[in-house]
Amino acid sequence: MTIEAPETKIVDSYRVACDGSEGALGHPRVYLQIPEAEGFVECPYCDCKYIHKDAAEAHS
């Protein structure tokens with residue numbers, strides 16, 4: 001059995017909202033803060049990884 005890799009999104013804001021992107025099948029909307037030193041944050045519900053565009057090259 002293989003596990004599907006979580007989604008990764010490149011964003012241009014250090015504050016993002018995640019709701020699972022699946023409508024009624026998603027999760028409650030949460031607001032996440034991307035630490036400037038790390039350049040990314042992961043959603044605690046769906047593990048979607050949000051990478052700030054300034055740090056995208058380092059995480060690719």
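Reply: Strand 2 and strand 3 pair in the antiparallel sense, and 4 bridges join them. Two strands are said to pair if DSSP finds at least two bridges between them. The strands themselves are DSSP runs (E, at least two residues; helices are H or I runs of at least four), numbered from the N terminus. In general, strands of a sheet pair through backbone hydrogen bonds, in either the parallel or the antiparallel sense.

The model is a predicted one, in which local features need pLDDT of at least 70 and side-chain atom pairs count only at pLDDT 80 or more, whereas totals for chains, interfaces and linings use all residues. Residues are numbered from 1 along each chain as its sequence is written, and side-chain values use heavy atoms, with hydrogens and water left out.

Let us begin with strand 2 itself.

The loop between strand 2 (15-18) and strand 3 (30-33) contains P28. Although P28 and C18 are 10 residues apart along the chain, their C-alpha atoms are separated by 8.1 Å. If neighbours within four places in sequence are left aside, P28 is in contact (heavy atoms within 4.5 Å) with C18, D19 and Y45.

D19 has a further partner. It forms a salt bridge with R29, and the closest N and O atoms are 3.4 Å apart. This pair links distant parts of the chain: both D19 and R29 lie in the loop between strand 2 and strand 3, 10 residues apart. A salt bridge is a side-chain nitrogen of Lys or Arg within 4 Å of a carboxyl oxygen of Asp or Glu, and by this rule the count comes to 1. D19 counts as partly exposed because its relative accessibility is 27%. R29, with a relative accessible area of 53%, is therefore exposed.

An open sheet of 3 strands has the order 1-5-4, with mixed pairing. Strand 1 and strand 4 are its edge strands, since each pairs on one side only. From one strand to the next, the twist averages 20°; axes for such angles are lines fitted to C-alpha atoms (for helices over the stretch in contact), and angles run from 0 to 180 degrees between N-to-C directions.

Strand 5 pairs with strand 1 in the parallel sense over 4 bridges, and K49 in strand 5 is the bridge partner of T8. With strand 4, strand 5 pairs in the antiparallel sense over 3 bridges. There, F40 stands opposite I51 in strand 5. The hairpin of strand 4 and strand 5 has 6 residues between the strands, and D47 takes a positive phi near 65° in it.

Two residues illustrate contrasting surroundings. H52 belongs to strand 5 (residues 49-52), and its relative accessible area is 3%, so it is buried. Apart from neighbours within four places in sequence, its contacts are V11, D12, S13, Y14, I34 and G39. E38, in the loop between strand 3 and strand 4 (40-42), is partly exposed because its relative accessible area is 47%.

Finally, consider the whole. The protein has 0 helices and 5 strands, and buried residues make up 28% of its 60 residues. Of the contacts between residues at least 6 apart in sequence, 33% join residues at least 24 apart. The average pLDDT (the predictor's confidence in each residue, from 0 to 100) is 89, and 88% of the residues score at least 70. Among the elements, strand 1 (residues 8-11) has the lowest mean pLDDT (95), whereas strand 3 has the highest (98).

Technical notes. Buried < 20%, exposed > 50% of the residue type's maximum accessible area, 1.4 Å probe, protein only.
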